[in-house]
Amino acid sequence: MDVRKVTELLRATIDPVQQKQAEEQLNQIHKIIGFAPTLLQVVMTAGEMPVRQAGVIYLKNLITTSWADKQNENGSGKFTIHEQDRAMIRDAIVDALGHAPDLIRVQLAVCVNNIVKHDFPGRWTQIVDKITIYLQNSDASCWPGVLLALHQLVKNFEYKKADERGPLNEAMNLLFPMIYQLILQLLPDSSEQSVLLQKQILKIFFALTQYTLSLDLISKEHFSQWMDVVRQVADRPVPPETNNPDLDDDERAELPWWKCKKWALHILHRMFERYGSPGNVTQEYKEFSEWYLRTFSGGILEVLLKILDQYRRKIYVSPRVIQQSINYINQGVSHAHSWKFLKPHMFEIIRDVLFPILSYSAADEELWNSDPYEYIRVKFDIFEDFVSPVTAAQTLLHSACKKRKDMLQKTMQFCMEVLTSPNADPRQKDGALHMIGSLADVLLKKKVYKEEMDKMLLQYVFPEFNSPHGHMRARACWVLHYFSEIKFKQEQILVEAVRLTTNALLTDQDLPVKVEAAIALQMLLSAQEKAQRYVEPLIKPIILELLTIVRETENDDLTTVIQKIVYTYSEQIMSIAVEICQHLAETFSQVLETDEGSDEKAITAMGLLNTIETLLTAMEDQPHIMAQLQPIVLQVLAHIFGENVMEFYEEALSLVYDLTGKIISEDMWKVLELMYQLFQKDGFEYFIDMMPALHNYITVATPAFLSNENHVLAMFNMCKAVLTGDAGEDPECHAAKLLEVIILQCKGHIDQCIPSFVQLVLERLMREVKTSELRTMCLQVVIAALYYNPALCLETMDRLQGNFGQSTEPIASHFIKQWIHDTDCFLGLHDRKLCVLGLCTLISMGPARPPAVNECAQQIIPSLILLFDGLKRAYAAKASDTDDEENEEDDSDIDEEYLEKLQETVTRSDDDGDDSEYDANEETPLECYATPLDSNDMNQDEYVVFKEVIQNIERTDTVWYRALTGHLTAEQQKALQEIILLADQREAARESKRIKESGGFVFDPFTTAGSFNFAGLPTSHLYFL
């Protein structure tokens, strides 16, 4: 491959005029053997940096997509880099990393990561030899690249279990001592280059140990040596140049010295949290954790207290270093040994470190004033919580005050001093209220504070709603949110809390205040039932204001507020439901259009879709409103499906389900076409998510479903793709269930489909089936077909005999024997009921029944007894669930302690008994997909059907009756009689219900005399309703 030609093509890709043509030429030659190594050569030798960058990016993409051997579904291989080229790259890439400049090195590291993932240790053990040679080399210029290669090697095993780390541990037995010696050599040198190398070594140590600490690889002696290194890095001062006044705080935090410290603190916290915290570690680290606590607590806490003291004295400490220091101390609060060191300093830490962190800062003020939208995003960013000193400070404050004596009382005393001090500025008051709110759940459990909470709100929180400082108004809302579960002594205080919150939401000029007020309002509505009636008069302006704020801020927390209000006030918002939906749909489009792939945007968009779904659910019984909402939601669906926004398919399919729950419009039938196209394009990945909506299309408007044969064909094709592909057994169970639903729902109308349905599931049963659920579900499809039309089903199986040539036994015979053998695998109400009706169909076929039924005659009634026993339990469980729901409110005053004792008794009896009998729930996951068999109005009661079938056989075919029942034990005969008796009772109950629903029983009443003589003539008809 010509190096100059490749160089020229890469140079051309940088030129907008030549770019397209150059990329096309590269695509034509990239599969030629020799191309990939030539590309690496260009990356390392070309004179111009832009050409080298273009080359390394092309190489990275090529290795990422085409390194591993891949197979297409049809067995042909997709393009992969030839093994000859791969060998050349493996041989050269560590050398390249060692000599590459920073810009190139970063991309080559991604290449190494991919190669390690696929080739180590099998084809690439020499990576270890290469790294060893370079680490032994005294030329420090190659160390950054080689350490980066080692980091990629370790990262490939970072989250693997201990028993999967053999190859890494073998490599690290050699390399681990070498990087320890290297960091020892580097420690005295505080230059930027040295500190960057130290940071890389610490990152390797963290990746090696953060998930699994191999005590074979790292002995206590070695661990102690590393902890001493890490402690030194955390403790050493940063050089004077880091205090350059031209640097802002964000730039300072990114300096190598602070980043190196951050990784040291990261290691210390992780080692303590995962391996050194007795009572919180797995059994293998129990002894190690006790040794860690005794050995390291004093030295490490001394360093961390020094860091906190620097912060207290207003000496700069980077946010991540302070955060990790606080996290470590938070872990130490829980242990008596480490608490010994912390106890004398803890209140000073709360007062002088945590309080300033939790107070409104100058940076907060600048952001509030310059960009309130960004202020809101940062304050509500859940990802920010993982790195924020504020969250760490809240957590430590909470731990200390909850777990350690006197800390709560001292903290509250301090907070009250701040709040009552005439000299306290608003920022300090904000800090005090922040601390009190962070301790809300602790305070509400202590009687001494609980009793004073009304007073605290009245005196110190409510007045701040009128503060001239926006951040104090926002803090007042925030505190109210955290104390929303207070049991107010006077209802008037609750009324005032609601008034202040709604007023802040509707009239405040500062957006962050409105957001905090909205969340406080949601919490009050959730925790205080009485609050609902005080909010109700303002519900329309509130929800319209919320919609506006959501659009302005794109804040996900607000979508949950709207959902709560829609759920609580569904009647009151009917008149503006369409406006709400339109607003949500437009905001969703806005979020998608401005989405740059950020997680926050995706979460907000998902929240908006969930809010639309809540609105549809609230309005489902209002057909005139649903008819107006549908076109708006269809626009949203068209956007998602039309633009292939796959991350929202699940929510979109839930919306389709909501729009097809009661009636299916012409437009919604077009959506079914869209779903079918989506399925064909994106495979069966979303089939389970489609299932509820597909079920609606079949059951809600069956005549319309059957009116177009393409509807049935589309369903069948989807089920076939799932059952013949490699979707996994859960989607396959859903596909089989969908076939069963079609058969039972469309009885008498789809004769032409039955052979295809039966063939599909029988072919699936001929391949390996791992779970009883899938086997049972496939059997059920055939049972449903047998119930649909026994002659057609058996004829189909006979016709298929040639397709399954491996056995001379008729398919029907094999199927029937498997079915009867598996009757214990049928669970829940529906599956057992269908199984009973199927067996009843088989035994009532007379001379037309298959020979296998005669062969299994002695097993059929015992199988039915087993099924009826399961049905009896399942009906009891269902009735119990219904009673529980009805009695939920009545039981609200039952003593909780009594309930706990009762639960213990139940648990004990469960443990003592045979738990293999049945699951108390007795419902299968797929039972939610109802069929006509599951309808209470259906005349096909399985008990009654069985009674009529068995009695008819007894009357008309005594030989067959004796074959079925002659062998029964006394216990089985008794069980059979109980089933017949239960059938009579169910039949009588059904008749009684039918008469009652048609107008009542008609009695001829008697005239009653004083002597209670029930004799006399009827005088009139009396109806008992």
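**Rings and burial**

Mentor: Let us start with one aromatic cluster, formed by Phe223, Phe272, Phe288, Trp291, Tyr292, Phe296 and Tyr328. Keep in mind that this is a predicted model.

Trainee: How many aromatic pairs does the count come to?
Mentor: The count comes to 34 aromatic pairs, with ring centres within 6.5 Å as the rule.

Trainee: Why is the pair of Phe462 and Phe465 called edge-to-face?
Mentor: Two values decide here. A pair of aromatic rings is described by the distance of the centres and the angle of the planes. The ring centres of Phe462 and Phe465 are 6.4 Å apart, within the limit of 6.5 Å, so the rings pair. Their planes stand at 70 degrees, which is over 60, so the pair is edge-to-face.

Trainee: What makes Phe462 count as buried?
Mentor: Buried means under 20% relative accessible area. Phe462 has 6% relative accessibility, so Phe462 counts as buried. Phe465, at 8%, also falls under 20% and therefore counts as buried.

Trainee: Why is the pair of Phe815 and Trp819 called tilted?
Mentor: The centres of these rings, Phe815 and Trp819, lie 5.6 Å apart, so they meet the 6.5 Å limit.

Trainee: Where do Phe815 and Trp819 lie?
Mentor: Both are in helix 44, which covers residues 811-821. Four residues separate them, about one turn of the helix.

Trainee: Are Phe815 and Trp819 buried or exposed?
Mentor: Phe815 has 4% relative accessibility, under the 20% cut-off, so Phe815 counts as buried. Trp819 has a relative accessible area of 0%, so Trp819 is buried as well.

Trainee: What share of the chain do buried residues make up?
Mentor: They make up 49% of the 1025 residues.

Trainee: And how is the chain built overall, in helices and strands?
Mentor: The chain has 51 helices and two strands. It is divided into five parts: domain 1 (1-69 + 79-152), domain 2 (157-310), domain 3 (344-529), domain 4 (537-670) and domain 5 (708-879 + 924-996). The centres of domain 1 and domain 3, taken over C-alpha atoms, are separated by 54 Å.

Trainee: What box do the C-alpha atoms of the chain fill?
Mentor: Along the principal axes, the box is roughly 110 × 85 × 65 Å.

Conventions. Residues numbered from 1 in each chain as written. Predicted model: local features only at pLDDT ≥ 70, side-chain atom pairs only at ≥ 80, totals over all residues. Heavy atoms only, no water. Buried < 20%, exposed > 50% of the residue type's maximum accessible area, 1.4 Å probe, protein only. Domains from an automatic or database assignment. Phe/Tyr/Trp six-rings, centres within 6.5 Å; stacked < 30°, edge-to-face > 60°.
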